[in-house]
Number of protein chains: 2
Amino acid sequence: MSFQKLDDLCRRLEALEHALAILGADEATHMAVGGGDKRAEAMAMLSGMYHRQATAPEIADWIDAAGKEALSEEQAAALREFRRHHTNLTCLPAEFVERQTAARLRCEQLWRDLRAKGDWTSFQPALEGVVALVREEAAMRAEALGLSPYDALMEQYDPGNRAADITPVFAELKTFLKDFVPQALDMQAERRAKRPLKPLSGTYPVDRQRGLGLAMMEAVGFDLTRGSLSVSHHPFCGGVPSDVRITTRYRTTEFLSALMGILHETGHALYEQNLPQDWSHWPLGKARGMAIHESQSLFVEKQIGRNPAFWRWALPVVDRHLGENWSLDDILPHVHQVERGLIRVDADEVTYPLHVILRYELEQDLVAGRLEVADLPDAWDAGMRDCLGLSTLDNPADGPMQDVHWPGGAFGYFPSYTLGAMMAAQQWAALVRDHPDTDDSIAGGDFSTVNDWRRTRIWSQGSRWSTPELMQRATGEKLDARHFIAHLQKRYGS
Amino acid sequence: MSFQKLDDLCRRLEALEHALAILGADEATHMAVGGGDKRAEAMAMLSGMYHRQATAPEIADWIDAAGKEALSEEQAAALREFRRHHTNLTCLPAEFVERQTAARLRCEQLWRDLRAKGDWTSFQPALEGVVALVREEAAMRAEALGLSPYDALMEQYDPGNRAADITPVFAELKTFLKDFVPQALDMQAERRAKRPLKPLSGTYPVDRQRGLGLAMMEAVGFDLTRGSLSVSHHPFCGGVPSDVRITTRYRTTEFLSALMGILHETGHALYEQNLPQDWSHWPLGKARGMAIHESQSLFVEKQIGRNPAFWRWALPVVDRHLGENWSLDDILPHVHQVERGLIRVDADEVTYPLHVILRYELEQDLVAGRLEVADLPDAWDAGMRDCLGLSTLDNPADGPMQDVHWPGGAFGYFPSYTLGAMMAAQQWAALVRDHPDTDDSIAGGDFSTVNDWRRTRIWSQGSRWSTPELMQRATGEKLDARHFIAHLQKRYGS
């Protein structure tokens, strides 16, 4: 039976994914520094095995034959998602993938070196090479999927997301934010004039902060029997659903950045830990995509973790672990700080979308050939001046060189961040419609209603629906900017 | 070119070994408890991939064809070891391996439960099943290798080891020890009557003990850029040569057991870290076998780590980390403690060989069919009374049920422990012949001469020679019990 053959294949692929996920997390947390070369070699080899097994020529026949077998509704959904996965994996010739992988790795290595030096001139030719290959890639994916080139790139990260749907939503948000950012900054300045920002500095030993982090993780629903918290240079959520590895990094002079990092990664982890276990080896049982995943991390970090109600519960917990008895009025100005800046990853939730929308606009032009890499510094500077009133013309390292995504060949990924933020706000709004007392529950340290809602609507659905379908079913409506706008107005506008 | 095909195959196999080694070490150190089922599934699947790739039908042809190619002396050695490895791996039919694996796993699981209950009666039938399969296995291996059945089993662990060579050496050692153990115990009692044993108890926080362990590891040659120290329930040395994972466990009331565990595992680690890197993917580049590996761990733990000269250097290091200013006369009676006991893993270096020789004798009889499992408790009891004057008749859990080896189907492995101890003593004797001032170097904290000697003679040789050949070349003579006997007499007889 062909469905069974696919099931066996999925189990083999899951074992390789398991190895790659744990080896990857281990590399960033526990590996000896000198183990890197052999680790890279082993992971490349295992990735090759995965790719060869996942793209073996007989699989297309199995998929077709399985489609004619008597399948349950769930099996049919599993097959549908497998086919989507398989199409995305096989629509590029192996020769092209190798050429592109080499160009991406070379450009990424160069980027690490040249970004530090702010050397755009030496970087430009390498990025041009990557962009040329991405245009080829997009054309091939578009042909195979019957989509426009940019949509075909996004399809890898968020099945069903289309520029035609996203562009008007982003346009509405951008228009709002260009007015709102100066207003929010003015109001912040007024508040601080009345009540100066109280520093939260002190000495917070790593083990105390770790204890606080674990307490918060557990409280918001992280299953500590199926996951752990470690330290790494950049925070991440990795591992496998049965053993989710999240990390943070600590500074002993302040606790908020490590804790917010933990809450963010815990949001990713809750999604992974609550996926449908019976289908864990099939694409159906995996997280839907990058935008939904980001909506889960931002739900915990922004909707819950920066909610004043949350801090009514959290402050005594912080006091218990760190021995600091702050008030809501002390902490909220830090948690809700707004600041114009050049760097996306340092941005707050008000300014962050403007960084993303700029990249979304520029990368569409790059893929379509309407913009060339040589003109990127000017275009970036114009966009930043328009959105945030900041220039990057004499500072390319903090302009178009700041992210790893483009040198790494990831085009169509950036929108996920802001789509995730908007989706999180829309999910929150739907949750509060169903449970108007959510703030009170959270203030009481009770996250069960919130998590039950999310488990039913999002986590348990795995990859059963496309990204827009999942949002529609979870919240009762299409993606709509007004929820995120209302959220920002409520938190930063009064 | 067929040699190149084998080289490519070895690289793929190395990647799978890398994954299995790191996943195995991770399971015992960092995995979340709930991650066990999926981890077991993934590792079984990866082991299956390894086995399928390593036993693919075309490989035999590649080996034959490579033998006709123009090979360097090193390539010829690599091919020879590959052939040996391949023969050992393919001489059992897949159907038999599956049947045996299932019986072993079942018997091991049963053993964990029944050993705790001391229930020999329920355990006996499961062990009988395993022994029946081991007899079949030994017959098939013997046929394929042209060896006697027991030698064919040992060949998996220590190529070239033969019962005809080992039996007289063990007999000499057993005769010596049956007299020597009571003498050593009498002398210990006399010494303690004159100077009572001073307890080394205190409060030693884990991080202090860990700091001491790391300092000792580094001093004796462990490369901390290519390995690390963690905690696990049972100490082990795992990982890969570029990233060797050793572990220990700590008790805060005393420091010696954790430290001795660290020194033992460091001995294994030094071997792994100093294998020939260019051949790391071929059997040639791997450690020779279990007896040689144990000789390396026991060299560091017993020949160095329990040497009074070592403690002249180590005591100030202990003081620096633990703040305890003991004298040689305080510490040596603990380091050299001798005690008759029922349990092999708790035994000291004087009594340990008697435990092993008993198992060596019994397992040969079991494999040959001269002894049946039903008669094992009586035979064990008789052996223990003869060697150590202790009875196990009413206590099978501390008799023939104490080890995991036989339930796990590992017959022919036990001699490695005592062979390792004898080899370590013989290596030490050869080293001291070449460098008579070795004790002084060690007392000065200088381990470079010791390690250079071992690197040249043992570590860099990988699997180039059979176990007896390696010993002959490293020490200039065949395995000879007199070195170990002289070592025990010097340390425990005066």
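1. B:Val240 sits opposite B:Asp243, a residue of β3(B). This is a predicted model, in which local features need pLDDT of at least 70 and side-chain atom pairs count only at pLDDT 80 or more, while totals for chains, interfaces and linings use all residues. Residues are numbered from 1 along each chain as its sequence is written, chains are lettered from A and ligands numbered from 1 in the order in which they are written, and side-chain values use heavy atoms, leaving out hydrogens and water.

2. Now to the hairpin: β2(B) and β3(B) form one, with two residues between them. Strand β2 of chain B covers residues 237–240, and its antiparallel pairing with β3(B) runs over four bridges. (Strands are DSSP runs of E, at least two residues, and helices runs of H or I, at least four, numbered from the N terminus; two strands pair if DSSP finds at least two bridges between them.)

3. β3(B) has another partner to look at: strand β1 (residues 227–231) of chain B runs parallel to β3(B), joined by five bridges. Here B:Val231 stands opposite B:Thr248.

4. How many residues of β3 (243–248) in chain B are buried? Six of its six are, where buried means under 20% relative accessible area, exposed over 50% and partly exposed in between (1.4 Å probe, protein chains only). One side carries B:Asp243, B:Arg245 and B:Thr247, the other B:Val244, B:Ile246 and B:Thr248.

5. Helix α7 (residues 149–157) of chain B is also mostly covered, with seven of nine residues buried. Among them are B:Tyr150, B:Leu153 and B:Tyr157. The buried residues pack against several helices of chain B, including α4 (73–90), α8 (163–194) and α16 (415–434); contact means heavy atoms within 4.5 Å.
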